[in-house]
Amino acid sequence: MKKASELTHDKASREVLENNPQLETAWTRYEKMLPQCGFGEMGLCCKNCAMGPCRIDPFGDGPDKGICGATSEIISARNLVRMIAAGSAAHSDHGRDIVHTLLLAAEGKTNGYSIKDKKKLLVIATEYGIKTEGRDTNAIAKDVAEIAYAEFSQQQGELRFIKRAPEKRQKIWRDLKIVPRGIDREVVDTLHRTHVGADNDDLSLFLQGLRNSLADGWGGSMIATELSDILFGSPKPIRSKVNLGVISKDEVNIIVHGHEPTLSDVMVAAVRDKEMLEYARSKGAKGINLAGICCTANEILMRHGIPIAGNFLQQELAIATGAVEVMLVDIQCVMPALGDLCQCSHTKLISTSPKAKFPFATHMEFNEEKALDIAKEIVKVAIDNFPNRVAAKVNIPDVTMDLVAGFTAESVSQFLGGKYRSTYRPLNDAIISGRLRGAVGIVGCNNPKQVHDLCHIRLTKELIKRDVLVVTTGCSAIACAKEGLLTPEAKDICGPGLKEICDTVGIPPVLHLGSCVDISRILVILCNVLKEGGLGEDFSDLPVAAAAPEWMSEKAVAIAFYAVGSGINTFLGNPFPVIGSEKVKKFLLEDIENLVGAKFVFEADPVKTADMIVKLLDEKRKKLGLKPVAEKN
Ligand code: SF4
Ligand code: MSK
């Protein structure tokens, strides 16, 4: 087994791994899995029907077709677009739950939620064509929720938020016939056409894959973000702390892990409840400490300043500190291994979603109508578990980092637009003048195939050094936070142009925009930049790019596809599992650009990735007639 320092860049994670050499983790299981299946890695196996499983021999000695006759390109394309369908379904179902909660709040059927951002409610209502004048807030919210609900089941036409995109992009989508009709419809279409004997043309499969991914980015994810802001309040820049050191020695620790803010947001209220605090003290605890893992952590960090304990690969390590009373999970990115791990510790694993149950977990089903009551019950379970903590087994790394999080499409313009008027003009001018070379969204997960966090951090540092503004979400944002890149002080490692902007405005050079569904905020920011003028007419004109250096989830595949489908070149640290088909590989790395104006790049080395991104941004600048950016060194 490799040394901790070879597995993770993160100091706190190294410490936990070194303190617990027998601990089974994703890293130890990964090592046991080696060598991983080459057919799977290359996208050359299929089990879409019971004539199979089939696999294609990449060396030409064995079968070159499945039993039905499917070739390597059909099999790998089919597998990949199925990943898009699953990823879009996950993001969009999260969006649907937010719509459901908004509807309940508007109807007064829940004790945990109310409309927190009325201004945003009015903006979205107006965009949806809902009459707002002289109407009650809840009545407007009910109409917004019902229209948003209908976006999921719509059978024909176009999703509403598609109209936010620049005209030129909408035309590309319409010409290719990839404008999403309804969110669920596109997932079903993808699953249908990947059934045995349906769509057996790789280009046709990928066009549907793009359409499905757009239904996520411009549909389910965008709805999730916009309606979460209405319901839980739009984030504002906020200070907090990150890393395993936020787990408290003398308080009851509850870690929320997963994705939906419906659960985590109401937990914030429950742990601040006076009765609960008194009860905790009666059990010998100094208080109740709430912290988060993965995207639900980003949600409550941005809105309440709740600290983050870690990202995806730290979920097991948090439990291994011996100080977590409850690991509370909802949906997505929760390892089933947590159940086993909790068997050897006092930590109680509590699952809450009817869609996501886990071995050895106590299931306390969450119900939006009784949200606060259930949240308090969960807090009580955690408090009751506090006396079971074994002091000798507690070992919390004393590692934390300060951060500033909670930027949005709205706050970026407020910050950069100056005191009196929110506008994107100064941001556009900074790019036009060359103080900023461009902007890159770095997002996505951790993956034990790479050194934990290292690719996120190296890529980010390389880019800000070269005057590239970085916006970040998800586990990438957490990686950057742990490295101190979300503090204004990080300006000291930036290029002179970016440093000047950070100095003037007081922002970090890396802006935390939230959870994975909040990547839709990046799309909105880019729409606003284009509307402000001077940087072209389409996303593909802008000096911008996207990167997911350590991606692992199917959601990341959906995101990567809607980024490229929107005209944004996307750099992936791990290749898609399609490399067994030269034709599919060539399509994704080259030919797709002729259709949508952007392509994928597979590159594992973050420094090489940064070089390629800088070259791309400079080419985009040149095409726009902007002056070149002078290198510092
Ligand atoms: Fe094999 Fe074709 Fe069935 Fe896939 S769909 S398992 S390639 S027979
Ligand atoms: S949580 S999808 S590991 S970013 Fe959004 Fe992190 Fe990836 Fe899950």
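This is a predicted model: local features need pLDDT of at least 70, side-chain atom pairs count only at pLDDT 80 or more; totals for chains, interfaces and linings use all residues.
Because Tyr 113 is in the loop between helix 5 (72-106) and helix 6 (118-127), while Phe 232 belongs to helix 10 (residues 202-232), the pair ties together parts of the structure that are 119 residues apart in sequence. Tyr 113 and Phe 232 are both buried.

The charged end of Arg 55 is placed over the ring of Phe 39, at 5.7 Å from the ring centre, and the charged end of Arg 164 sits over the ring of Phe 161, where the corresponding distance to the centre is 4.0 Å.

The surroundings of ligand 2 were examined next. The shell around ligand 2 consists of His 259, Cys 294, Cys 295, Phe 312, Cys 333, Gly 444, Cys 445, Cys 475, Cys 516, Met 552, Ser 553 and Lys 555. By residue class, this shell comprises eight nonpolar residues, three polar residues and one charged residue. Since residues of the shell come both from domain 3 (244-393) and from domain 4 (406-623), ligand 2 lies between these two domains.

Two individual residues may be described in further detail. Thr 408 is found in the loop that runs between strand 10 (401-405) and helix 17 (409-417), and it counts as buried because its relative accessibility is 1%, the limit for this class being under 20%. When residues up to four places away in sequence are left aside, Thr 408 touches Pro 235, Leu 513, Arg 521 and Ile 525.

Ala 280, by contrast in setting, is part of helix 12 (residues 274-282), and with a relative accessible area of 0% this residue is likewise buried. Its contacts, again without residues up to four places away in sequence, are with Val 252, Ala 285, Gly 287, Ile 288 and Ile 383. Between Ala 280 and Val 268, which are twelve residues apart in sequence, the C-alpha to C-alpha distance in space is 15 Å.

Technical notes. Residues are numbered from 1 along each chain as its sequence is written. Chains are lettered from A and ligands numbered from 1 in the order in which they are written. Side-chain values use heavy atoms; hydrogens and water are left out. A residue is near a molecule or strand if one of its heavy atoms lies within 4 Å of it. Ala, Val, Leu, Ile, Met, Phe, Trp, Tyr, Cys and Pro count as nonpolar, Asp, Glu, Lys and Arg as charged, and the others, Gly among them, as polar. Domain bounds come from an automatic or database domain assignment. Helices (H or I, at least four residues) and strands (E, at least two) are DSSP runs, numbered from the N terminus. Buried means under 20% relative accessible area, exposed over 50%, partly exposed in between (1.4 Å probe, protein chains only). A charge sits over a ring if NZ of Lys or CZ of Arg is within 6 Å of the ring centre and within 35 degrees of the ring normal. Contact means heavy atoms within 4.5 Å.
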